[in-house]
Amino acid sequence: MRKIYMFDTTLRDGEQSPGVNLNTREKLEIAYQLEKLGIDRIEAGFPAASPGDLAAVNAVAKAIKNSTIIGLSRSRTQDIDAVREALQGAEDPCIHIFLATSPIHRKYKLKMEKDQVLETAQAALRYARQYFSKIEFSCEDAGRTEIDFLCEMTAMAIREGASVVNIPDTVGYLYPYEYGNIFKTLKERVPGIEKIQLSAHCHDDLGMATANSLAAILGGADQIEGTINGIGERAGNTALEEVAMALETRSEFFGAKTSLELSEIARTSSLISRLTGMVVPGNKAIVGANAFAHESGIHQDGMLKEKTTYEIMSPETIGLKESKLVLGKHSGRHAFRERLIELGYKLDDERLNEAFAKFKVLADKKKDVTDQDLHALLQEKLVDTPEAYQLQAIHVSYGNESTPSAKVRILTADGKTLEREAEGNGSVDAIYNAIDQATGETVTLSDYTIKSISYGKDAQGEVHVVMTQDELTVQGRGVSTDILEASARAYVDALNRLIEKKAIQKL
Ligand SMILES: CC(=O)SCCNC(=O)CCNC(=O)[C@H](O)C(C)(C)COP(=O)(O)OP(=O)(O)OC[C@H]1O[C@@H](n2cnc3c(N)ncnc32)[C@H](O)[C@@H]1OP(=O)(O)O
Ligand SMILES: CC(C)C(=O)C(=O)O
């Protein structure tokens, strides 16, 4: 297997993401984690950018022992001197010098002809090699550079002592076939190319950064540059975790591997997301919250029978505990039953079907059905109180300038429909007055509590009531995503228990 070197630029290109600003302590924390992840080369910053960045690069350079530490520099002596200062104390320092080579950048940005670009880069490399034994040179915007000139620049960089030549697709313009071919061409045409490593650095403007990086590997690239979570300038850089996992998962196809400690991927991703404030989208490959989550019944059934039906990699590989089977409205009986078993409920088929039907009604109202929701749903049914009254509908009218009123419809055990409307001091009081009038029961409500039993705006509310009638005290419980419905259910549940208790007393 060919080794692919991983060059992480989270602390430099990643920090170029608008809104991201890492202080020295944060950069150090990230660098330690990148070292633990097994990153070969860490680009710690652009020392000429600011005194703060120079100090942060220096702190990283002194602290990290197992990865090469790199500082970025324009083709200017003042930037090279800043990198020299920043990398003092580094175990394995490397300078990364760049100059744009494409016609657009030459004409409009640098205002240089080809020969001036060549000479400027050559002078910078000559100056730098007095101080650095490891130099990477980047032809910025290589992706839009004439291939002959790119070959010429690469040959010059090799002659002037670069050990790595980077071919960036700076604006994420190329598609994989084109990008891979550039590497093949350089390998075929540039004298001395075998003495150095070729590197790929891609941006995700057209969503092709990972595909382009993999195409570069097929074309002969030895090093991939990128960031964790794919953060970076504009649409970001290649996500290194994607490349590493693609090489791992399709090793028979690529014949190449990184030496990353893959089980550190999830930890690294969440640290970087937390410190940069750049939230990882749920559907992001490898590290998104949904990357190993399965919601639909057919997939969950497949997963329960054999994980490889729907997973090409295992979450454990990247340091996660296990795949998630998320219960939602697309879930089926297999996953539902499995979760209930995990929660300690063993139901016969009839009760399972009954609970499953209730679960589907709840899932229509909620995005995710949580374990707390399932406990609530099942515990409501654990004590089978005969239903003298069944709440069929409530309608509440509330406004802060009018008296609240509620209409209820209740079905009795012998099939009668009871309907009443009543007013109250608040919506719950109005509901309870309407239920009292509909059922003809006279009770005293001695306690009412409400709490949320799951999370988020669509959390379920659970209401507990305690009521008394002629020295009989009963409790009732109701659960719903709507607290008024939960209140009504709790009250009707208590009434049913009261009627049951009275019937038992009569026996
Ligand atoms: C593709 C990339 O990601 S490259 C890295 C991009 N990252 C950054 O730019 C972040 C750090 N940058 C900075 O803090 C600032 O831009 C600095 C300190 C480097 C320079 O600031 P300033 O001196 O004010 O220049 P400014 O940024 O406005 O313009 C860039 C200058 O560098 C020149 N330049 C750009 N790239 C290079 C290069 N590789 N080598 C030499 N000169 C370069 C530009 O032509 C321009 O020169 P000019 O002033 O003669 O027109
Ligand atoms: C400095 C270079 C490597 C860069 O960031 C780019 O071209 O995108």
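A residue counts as buried here if 20 or more other C-beta atoms lie within 10 Å of its own. Please keep in mind that the structure in these close-ups is a predicted model.

**View 1. Asn 237, a buried residue in a loop.** Asn 237 has 31 C-beta neighbours inside 10 Å, so it counts as buried. You will find Asn 237 in the loop between strand 9 (223–226) and helix 9 (240–249). Beyond its neighbours within four places in sequence, its contacts include Thr 9, Asp 13, Cys 202, His 203 and Asp 204.

**View 2. His 203, in the loop between strand 8 and helix 8.** Strand 8 covers 197–202 and helix 8 covers 209–219. His 203 is buried too, because 25 other C-beta atoms lie within 10 Å. Setting aside neighbours within four places in sequence, His 203 is in contact with Asp 169, Thr 170, Val 171 and Gly 172, among others, and also with Asn 237.

**View 3. The positions annotated as "binding site".** An unreviewed UniProt entry places this feature at Asp 13, His 201, His 203 and Asn 237. These residues span 225 residues in sequence, yet no two of their C-alpha atoms are more than 10.5 Å apart, so they gather at one spot. The unreviewed UniProt entry also lists residues 4–266 as "domain: Pyruvate carboxyltransferase". Over residues 4–266 the chain is 43% helix and 18% strand, with its end C-alpha atoms 20 Å apart.

**View 4. An open sheet of three strands, in the order 13-14-15.** The pairing in this sheet is antiparallel. Strand 13 (389–397) and strand 15 (417–423) each have a single partner strand, so one side of each is left without a neighbour in the sheet. From one strand to the next, the twist averages 15 degrees. Helix 16 (residues 427–439) packs on the sheet and touches strand 13, strand 14 and strand 15, its direction making about 140 degrees with that of strand 15.

**View 5. Strand 13 beside strand 14.** Strand 13 and strand 14 (residues 405–412) are joined by eight bridges in the antiparallel sense. To find your bearings, look for Tyr 389, which stands opposite Thr 412 in strand 14. Helix 17 (residues 483–506) lies across strand 13 and strand 14, and runs at about 145 degrees to strand 13.

Conventions: Residues numbered from 1 in each chain as written. Chains lettered and ligands numbered in written order. Predicted model: local features only at pLDDT ≥ 70, side-chain atom pairs only at ≥ 80, totals over all residues. UniProt positions renumbered as here; feature names shortened; annotations may be inferred. Helix = DSSP H or I, 4+ residues; strand = E, 2+ residues; numbered from the N terminus. Pairing = 2+ DSSP bridges. Axes fitted to C-alpha atoms, helices over the stretch in contact; angles between N-to-C directions. Contact = placed C-beta atoms within 7 Å. Buried ≥ 20, exposed ≤ 12 C-beta atoms within 10 Å, placed from the backbone.
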